[in-house]
Amino acid sequence: MSSSDDLFLNLLRPAVLHILRASGFHYGKPSAVDTVVDLTARYLSLLAERTAYNAWSNHNDATPNVTDVRMAMQDCGLLVPTMTAGEEEWKQILRKPLDFYTAETGARDMEERRRDAEDTADVKEFIDWVRGDQNKEVRRIAGTLKPLLTDPTVQLDQLEMEDYLNTLMKKHSKTGVESRFQGTVLGVPAEPKTVKIEGAPEDSIEAWCRKTRERAAKVAEASHDTSEATSQAATREHSEEDTMDTS
């Protein structure tokens, strides 16, 4: 296991511990916690891999959209469709086209909203489950639950609550979180810097790579011209030999 894998697993561990604590587990052996963390990491990796696969399969792009994520969630069992693919296709075929509904009376808009709600029912149920009372305890322990109270002082304290990671980052950063963790997985991306090459005519790696590609293209073109000239010369020699044999 690489050091990056260890870093991500260590970042995932507190989140898993928060979920276990909210579910009623207050003690566990380190081996058991490691197993749960590893299973969570594997599941998240599978979900990301299926999302990337759907993105490349659907629109040949590495940037996924909501449809790609939804399909990945269904592939991983996170969303359970109410109908099979064949049933959904037949349902779409048997549906009355929206053009048959009168737009002036509002029937077309009502039918369109009804179909949208029906098609996204599983997603809405998942969102309601995440935001519902079942996961309120998880958000409270993680520090992301911010209820609005009537007392202004308590309300201000609730609004200033942060999750454990941001709190820990601010605790270990005396110059600011952005500058302390810039260029790492915990901070903003670092600004690209030009790498200078000492003792070379090129000023940067990009210029050296460009010059190398141009040189390789010229060598390949010269090699191609040489092979064509050799092939033409061989063809002429064979034709001359055939002419002499005929005579």
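Okay, a quick definition before we start: angles under 35 degrees count as roughly parallel, over 145 as roughly antiparallel, 65 to 115 as roughly perpendicular, and the rest as oblique. Keep that in your heads for a minute. Also, what you're looking at is a predicted model.

H2 covers residues 30-59 and H3 covers residues 66-75, and they pack at an angle of about 130 degrees. Their axes are 8 Å apart. Go back to the definition, and H2 and H3 are therefore oblique to each other. As for handedness, H2 passes H3 in a right-handed crossing. Who makes the contact? On the H2 side, it's Leu47, Arg50, Thr51, Asn54, Ala55, Asn58 and His59. H3 brings Asp68, Val69, Met71, Ala72, Met73 and Asp75. By class, that contact comes out as six nonpolar, four polar and three charged residues.

Right, on to the pockets. The largest pocket has a volume of about 640 Å³, and 18 residues line it. If you want to find its centre on the screen, look for Ile19, Trp129, Val130, Asn135 and Val138, which lie nearest to it. The elements giving two or more residues to that lining are H1 (3-22), H2, H6 (121-131) and H7 (136-142). And the lining itself? It divides into 14 nonpolar residues, three polar and one charged.

Next, the second largest pocket, with about 510 Å³ of space. This pocket is lined by 21 residues, and nearest its centre you'll find Arg70, Thr82, Glu88, Glu118 and Asp119. Here the elements that give two or more residues are H3, H4 (85-94), H5 (107-119) and H6. For this lining, the classes are eight nonpolar, four polar and nine charged.

That's it from me, thanks.

Definitions and conventions: Residues are numbered from 1 along each chain as its sequence is written. This is a predicted model: local features need pLDDT of at least 70, side-chain atom pairs count only at pLDDT 80 or more; totals for chains, interfaces and linings use all residues. Side-chain values use heavy atoms; hydrogens and water are left out. Axes are lines fitted to C-alpha atoms, for helices over the stretch in contact, and angles run from 0 to 180 degrees between N-to-C directions. Helices (H or I, at least four residues) and strands (E, at least two) are DSSP runs, numbered from the N terminus. A crossing is left-handed if the near helix is turned anticlockwise from the far one by less than a right angle, and right-handed if clockwise. Contact means heavy atoms within 4.5 Å. Ala, Val, Leu, Ile, Met, Phe, Trp, Tyr, Cys and Pro count as nonpolar, Asp, Glu, Lys and Arg as charged, and the others, Gly among them, as polar. On a 1 Å grid over the protein atoms alone, a cavity is a set of points where a 1.4 Å probe fits but cannot get out, and a pocket is an open set with protein on both sides within 12 Å along at least five of seven lines; lining residues have an atom within 4 Å of a point. Grid points are joined across faces, edges and corners, and a volume is the space filled by probe spheres set on the points.
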